[in-house]
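Biologist: I am new to this structure and would like a close look at a single part. Please show it first, and I will then say which part.

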Amino acid sequence: MALVPAGEAFTPRQRESIDRAVRQAMQQTDLRFSVYVGALEGDARVRAEALLAGLGDDASRTVLIAVDPAARALEIVTGALAKRLLDDYACGLGALAMTTQFAAGDLAGGIVSGLRTLGEHARSPRILHVEQG
Amino acid sequence: MRNAPRVGALAASLPLSVVLAGTALASGSPDDGPPRSNGLTTVETLGLLIGIPVLIIVVIWLLVYATNRPSGERYRPGLSWWAAPEWFNGPGSVESESTDEQQETTAELAAAPIEEVGGARARW
């Protein structure tokens, strides 16, 4: 297997499909979805939470999917608000959908179906003041 | 692709067998006197029963392989990963498109400290 040159983890088409899945998930929910594919040095969970915190003000309503292909580790981190709309059980379902395809060598496809699963399971927040709208 | 040499050799030998079969068929011109029995020669039999099916298999295999060939390198679990870290909708991205209305809605729910995160983890 040839070395994968830097920045070429995905083909343009794969990148586009992941981007589209991110956009769709964000349209379905009020959450922000971010995907990180790369090394999670040290404790993967701690590192993933640090990445989430690095998203700044949006971190609370963000669902971060962190994939470390080399360590074969997947971390889904939900911010404080995102956690209320997307519980850990739904995250587990999403993780399952992703790792199934990762194990078959389909990194981009796994990310896309994970985003789809998470987007479908995220509960929409109660809409307040509808009558006044 | 591990099978490449084998398949290549097979593909190379196929036209030969077909040609052999063809010449054997062509040699039986009408001037050869009374026709032989209707039985096929060994070469013809091999060409018909083995050469043609194998040729069809190879053509189908090539068509499938040519159309389904994944573009670019493929991730293989267990092998190292060399690509640079990549973000989709990461920090600094302005794809976060929440309206003020949504912010207002979510603001009522969001009161928890940032440390309170959830999620899931998995390995494969």
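Biologist: At what angle do helix 1 of chain A and helix 5 of chain A pack, and how far apart are their axes?

Modeller: This is a predicted model, in which local features need pLDDT of at least 70, side-chain atom pairs count only at pLDDT 80 or more, and totals for chains, interfaces and linings use all residues. Residues are numbered from 1 along each chain as its sequence is written, and chains are lettered from A and ligands numbered from 1 in the order in which they are written.

Helix 1 of chain A covers residues 12-28, and its axis lies 9 Å from that of helix 5 of chain A, at an angle of about 5 degrees. Helix 1 of chain A is therefore roughly parallel to helix 5 of chain A (angles under 35 degrees count as roughly parallel, over 145 as roughly antiparallel). Axes here are lines fitted to C-alpha atoms over the stretch in contact, and angles run from 0 to 180 degrees between N-to-C directions. Helices are DSSP runs of H or I with at least four residues, numbered from the N terminus.

On the side of helix 1 of chain A, the contact includes A:Gln14, A:Ile18, A:Val22 and A:Gln28; on the side of helix 5 of chain A, A:Ile111, A:Leu115 and A:Gly119 are among the residues. Contact means that C-beta atoms, placed from the backbone, lie within 7 Å. By class, this contact has 9 nonpolar, 5 polar and 1 charged residues (Ala, Val, Leu, Ile, Met, Phe, Trp, Tyr, Cys and Pro are nonpolar, Asp, Glu, Lys and Arg charged, and the others, Gly among them, polar).

A:Gln28 belongs to helix 1 of chain A. The C-alpha atoms of A:Gln28 and A:Gly119 are 6.2 Å apart, although 91 residues separate the two along the chain. A:Gln28 is partly exposed because 17 other C-beta atoms lie within 10 Å (20 or more would be buried, 12 or fewer exposed).

A:Val22 touches A:Leu115, and also B:Phe88 and B:Asn89 of chain B, among others, leaving out residues up to four places away in sequence. A:Val22 and A:Ile111 are among the residues that touch the most other members of the largest nonpolar core, which has 51 residues. Such a core is a set of buried Ala, Val, Leu, Ile, Met, Phe, Trp, Tyr and Cys residues joined through C-beta atoms within 7 Å.

Helix 5 of chain A, residues 107-121, also comes within 8 Å of helix 4 of chain A, residues 88-103, the axes crossing at roughly 160 degrees. This pair is therefore roughly antiparallel.

Terms used: Helices (H or I, at least four residues) and strands (E, at least two) are DSSP runs, numbered from the N terminus. Angles under 35 degrees count as roughly parallel, over 145 as roughly antiparallel, 65 to 115 as roughly perpendicular and the rest as oblique. Two residues are in contact if their C-beta atoms, placed from the backbone, lie within 7 Å.
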